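This report describes a protein fold, the packing of its helices and a group of aromatic rings.

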Amino acid sequence: VAPQPGHSGLAGNVTEIVLQSSDFLQMTMLLPLLAQLSNDDRWFAWIAPPATLPKALLEAAGIDLNKVMLLQPDQSHSTYQLACQALKAGTCHAVISWPGSLSDAELCGLEDAAQNGQSHGIVIRDRRLA
């Protein structure tokens, strides 16, 4: 399937990024990637980030915060469930989630949801929890 105009060829895939820790300094190297992903016409969902990222730093990196949707899990919806829903809906170009631990079956579920919604999933995990 060829990517739609204005959409990345990464749509329908899930990428895992394993960091040494969930410390904010580890996140700064991802800012250029996040900025590039925010250039798409669709929403950009962040699910359960480990800490509030400084708005000024995100804007300075070129991230369009008007296109970012921040979702937090609750008693009714886990990080995994929110990520699947956001990926499957197809309204988000990219869905970045910080799930903590993730089973192989859950990773496959995210991949299926990404393919169904033609969205790109990014899973960021702490090495100690991976």
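## Sheet

The structure contains an open sheet of 5 strands in the order 1-5-4-2-3, with parallel pairing. Strands pair if DSSP finds at least two bridges between them; helices (H or I, at least four residues) and strands (E, at least two) are DSSP runs, numbered from the N terminus. Strand 1 (14–19) and strand 3 (68–71) are the edges, and each has a single partner strand, so one side of each lacks a neighbour in the sheet. Direction ignored, neighbouring strands of this sheet are turned by 15° against each other on average.

This is a predicted model, in which local features need pLDDT of at least 70 and side-chain atom pairs count only at pLDDT 80 or more, while totals for chains, interfaces and linings use all residues. Residues are numbered from 1 along each chain as its sequence is written, and side-chain values use heavy atoms, with hydrogens and water left out.

Strand 2 (residues 43–47) runs parallel to strand 3 and is joined to strand 3 by 4 bridges. F44 has V68 in strand 3 as its bridge partner.

## Helices on the sheet

Helix 4 (residues 79–89) lies across strand 2, strand 3, strand 4 (92–97) and strand 5 (120–126), at about 170° to strand 4. Helix 5 (residues 104–117) packs on the sheet and touches strand 1 and strand 5, its direction making about 135° with that of strand 1. Contact means heavy atoms within 4.5 Å. Axes are lines fitted to C-alpha atoms, for helices over the stretch in contact, and angles run from 0 to 180 degrees between N-to-C directions.

## Helix 4 against helix 5

The two helices pack at an angle of about 20°, with their axes 7 Å apart. Helix 4 is therefore roughly parallel to helix 5 (angles under 35 degrees count as such). The contact involves Y80, A83, C84, L87 and K88 of helix 4, and A105, E106, G109, L110, A113, A114, N116 and G117 of helix 5. These residues divide into 8 nonpolar, 3 polar and 2 charged, with Gly counted as polar.

## Aromatic cluster

There are 2 aromatic pairs (rings of Phe, Tyr and Trp, the last by its six-membered ring, with centres within 6.5 Å; planes over 60 degrees apart count as edge-to-face). F44 and W46 are edge-to-face, 5.7 Å centre to centre with 85° between the planes. W46 and W98 are also an edge-to-face pair, at 6.4 Å and 70°. This pair links distant parts of the chain: W46 is in strand 2 and W98 in the loop between strand 4 and helix 5, 52 residues apart.

F44, W46 and W98 form one aromatic cluster. F44 is buried at 1% relative accessibility, where buried means under 20% relative accessible area (1.4 Å probe, protein chains only). W46 and W98 are both buried, W46 with a relative accessible area of 5%.

How values were computed
Parallel < 35°, antiparallel > 145°, perpendicular 65-115°, else oblique. Phe/Tyr/Trp six-rings, centres within 6.5 Å; stacked < 30°, edge-to-face > 60°. Buried < 20%, exposed > 50% of the residue type's maximum accessible area, 1.4 Å probe, protein only.
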